[in-house]
Amino acid sequence: MTDTSLTTDRINAIARGWLSAELERAERELEQVRAGQALYSAPDPHEDAVDTDLRLLSELAADSREALAVNDYRQIEVVADDLIGAAGLSVDRASPSFGRFCRVLLRAQVELLRQTKARRAGDYSEPTRDPLFVPQTDALPSHAPEDPRAKSMPLSELAEVFIQTKIRDGVWKEATARNSPRKLRLFAETLGNKPVDMVTRDDIRDWRDALDDMDLASNSIRQHFSVIGSMFNWAKQEGKASLDNPTRGLAPKADTQTREAFTPQDLQALFHSPLYMGHWRADRRERPGGILVKDHKFWLPSVALHSGLRVEEVAKLTVTDLRESEGVWCFHVSDAKTKAGNRVVPVHPRLIRMGLLVHRQKVVERGEAQLWPELKKGSEGRFSQSFVQWWSQFRHLIGLDRESLVFHSFRHTFISSLLNAGVPQTTVQQIAGHAIPGVTGIYAGKLLTAQDKFDAIQHITFGADLSHLEAP
């Protein structure tokens with residue numbers, strides 16, 4: 001289809017639908033916000049959370065109105081592209097119809113931000129002001145038939161009933177009764193507690209990606225699939241679900257898991273995405289905007305790339321785990337699964353220039369123990385759980401969606417960069433905290449000082465220009 005398909009009526013209809021969906025999404029977010037929690041902005045201990053959000057929403061609305069005044073569509077083009085693609089259209093960005101569409105979307109965004117601001121302050125009496133989006137009172141109401149699948153049991157409730165039934169019937173042995181509930185609750189959380197009959201195979205693929213990003217081995221992921229598949233089979237048999245088991249055929253093959261390193265082009269795409277260049281809101285970091293929140297979502301990929309730490313190793317760092325050793329700032333990894341995993345890894349100079357030590361000092365001044373205080377242990381007992389669920393969705397949104405490209409790929413990239421730079425394998429082994437194939441013993445060489453390790457990593461560049469990250 002061509003530009004002629006994007007008529008004025010079509011433009012207005014798509015924009016109205018988008019505004020309605022975004023207002024509904026905002027309402028769901030407002031229902032979940034807790035007292036003292038900033039929903040749309042970075043946490044600020046010196047300002048009331050609601051006031052922080054209201055100020056940010058005012059600034060975003062002003063930015064959108066200014067963009068509308070000068071026909072600057074950069075902040076809304078990504079949304080326009082997504083909506084056009086979802087409508088099955090193909091529209092050239094240089095065409096007049098694309099410009100008209102972006103202009104109407106900016107009007108919708110102003111209305112969205114204005115009404116969201118009112119609701120964030122507890123005011124639901126704010127009327128729609130833009131005449132394009134005022135509900136038509138003279139039109140007959142149209143009620144789409146309610147999807148009966150939406151009335152099926154929520155996943156969290158289904159999981160608890162399944163757990164209690166298996167325990168009551170004596171089906172589960174002690175180890176299964178101890179380990180399976182965590183897997184079931186993680187699944188429900190990852191899928192946002194959807195009604196069971198609305199779970200799709202794409203949902204299962206997203207969940208599988210999240211498990212992969214948690215650095216789980218393929219056999220461990222298959223165990224998760226076994227438990228969840230059993231729940232779906234049981235739910236169908238017991239009449240608690242009508243869909244067939246959606247996990248069938250999607251579990252990874254045993255011992256065939258491959259994870260590739262990030263290419264320079266991948267790193268360019270990630271570190272030039274709105275997450276690092278400026279995003280719309282703290283909860284919408286795939287969309288370009290005027291704020292840059294430097295919280296755990298900003299830091300975890302950066303630290304992993306420059307240190308080779310696994311996702312949970314980064315997520316559970318405390319402020320005392322980031323300290324000087326022999327005059328060199330280092331990450332001190334403890335409580336690892338293996339002896340070699342307990343190690344000291346120097347902080348790459350770029351992380352310091354990016355402000356990591358400044359971040360640490362701010363956390364210390366607030367009296368926090370964790371380096372990323374907003375991260376809490378999830379149902380699996382991991383600090384990284386909520387981040388991984390977000391990361392798996394985010395990387396797909398910015399085009400990093402190859403099946404073998406997961407968070408663990410940062411570790412592969414770090415190790416490969418060291419080896420490609422000529423760093424000896426025994427040195428890489430000590431920095432990475434695991435045995436290198438072909439090398440015997442735990443380290444098979446002399447123990448290195450923190451300065452030795454720093455000298456090995458300080459000049460690696462990963463083949464991509466990331467100098468913009470160091471801007472103040």
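**View 1. One aromatic cluster is formed by F262, F387, W390, W391, F394, F407 and F410.** The model is a predicted one, in which local features need pLDDT of at least 70 and side-chain atom pairs count only at pLDDT 80 or more, while totals for chains, interfaces and linings use all residues. Residues are numbered from 1 along each chain as its sequence is written, and side-chain values use heavy atoms, with hydrogens and water left out. Rings of Phe, Tyr and Trp (for Trp, the six-membered ring) are said to pair if their centres lie within 6.5 Å, and the pair is called stacked when the planes are under 30 degrees apart, edge-to-face when they are over 60, and tilted for the rest. By this rule the structure holds 18 aromatic pairs.

**View 2. The rings of F162 and W172 form an edge-to-face pair.** A pair of aromatic rings is described by the distance of the centres and the angle of the planes. For F162 and W172 the centres are 5.7 Å apart and the planes stand at 85°, so the pair is edge-to-face. F162 lies in helix α5 whereas W172 lies in the loop between α5 and α6, so the pair ties together parts that are 10 residues apart in sequence; helices here (H or I, at least four residues) and strands (E, at least two) are DSSP runs, numbered from the N terminus. Both F162 and W172 are buried, a word that stands for under 20% relative accessible area, with exposed meaning over 50% and partly exposed the range in between (1.4 Å probe, protein chains only). F407 and F410 also form an aromatic pair that is edge-to-face, with 5.0 Å from centre to centre and 70° between the planes, and both of these residues, F407 and F410, are buried.

**View 3. Helix α5 comprises the 14 residues 155-168.** At 1.5 Å a residue this helix should span 20 Å, and its end C-alpha atoms are 20 Å apart, which agrees; the expected span is 1.5 Å times one less than the number of residues. The buried residues of α5 are L155, L158, A159, F162, I163, T165 and K166. They cover an arc of only 170° around the axis, which puts them on the same side of α5, where the arc is that of the directions from the helix axis to the C-beta atoms. The buried residues of α5 pack against α6 (174-190) and α8 (218-237), and contact here means heavy atoms within 4.5 Å. Just after α5, G170 takes a positive phi of about 70°.

**View 4. Helix α8 has buried residues that are covered by elements including α5, α6 and α7.** Among the buried residues of α8 are I221, F225, V227, I228, M231, F232 and W234. After α8 comes G239, whose phi is positive, near 75°.

**View 5. The largest nonpolar core has 86 residues.** A nonpolar core is a set of buried Ala, Val, Leu, Ile, Met, Phe, Trp, Tyr and Cys residues joined through side-chain atoms within 4.5 Å. In the largest one, L155, L184, F187, L270, F331, W372 and F387 touch the most other members. The largest share of this core, 8 residues, comes from α8. A second, separate core of 40 residues includes L30, I76, V104 and F133. Leaving aside residues up to four places away in sequence, L184 touches A159, F162, I163, W172, V227, I228 and M231.

**View 6. The charged ends of R281 and R287 sit over the ring of W280.** The charged end of R281 is 4.7 Å from the ring centre, and that of R287 is 3.8 Å from the ring centre. A charge counts as sitting over a ring if NZ of Lys or CZ of Arg is within 6 Å of the ring centre and within 35 degrees of the ring normal.

**View 7. E326 has a positive phi of about 55° although it is not a glycine.** E326 is found in the loop between β3 (322-325) and β4 (328-333), and with a relative accessible area of 59% E326 is exposed. A450, which lies in helix α18 (residues 450-457), touches S325, E326, V328, C330 and P346, not counting residues up to four places away in sequence. At 6% relative accessibility, A450 counts as buried.
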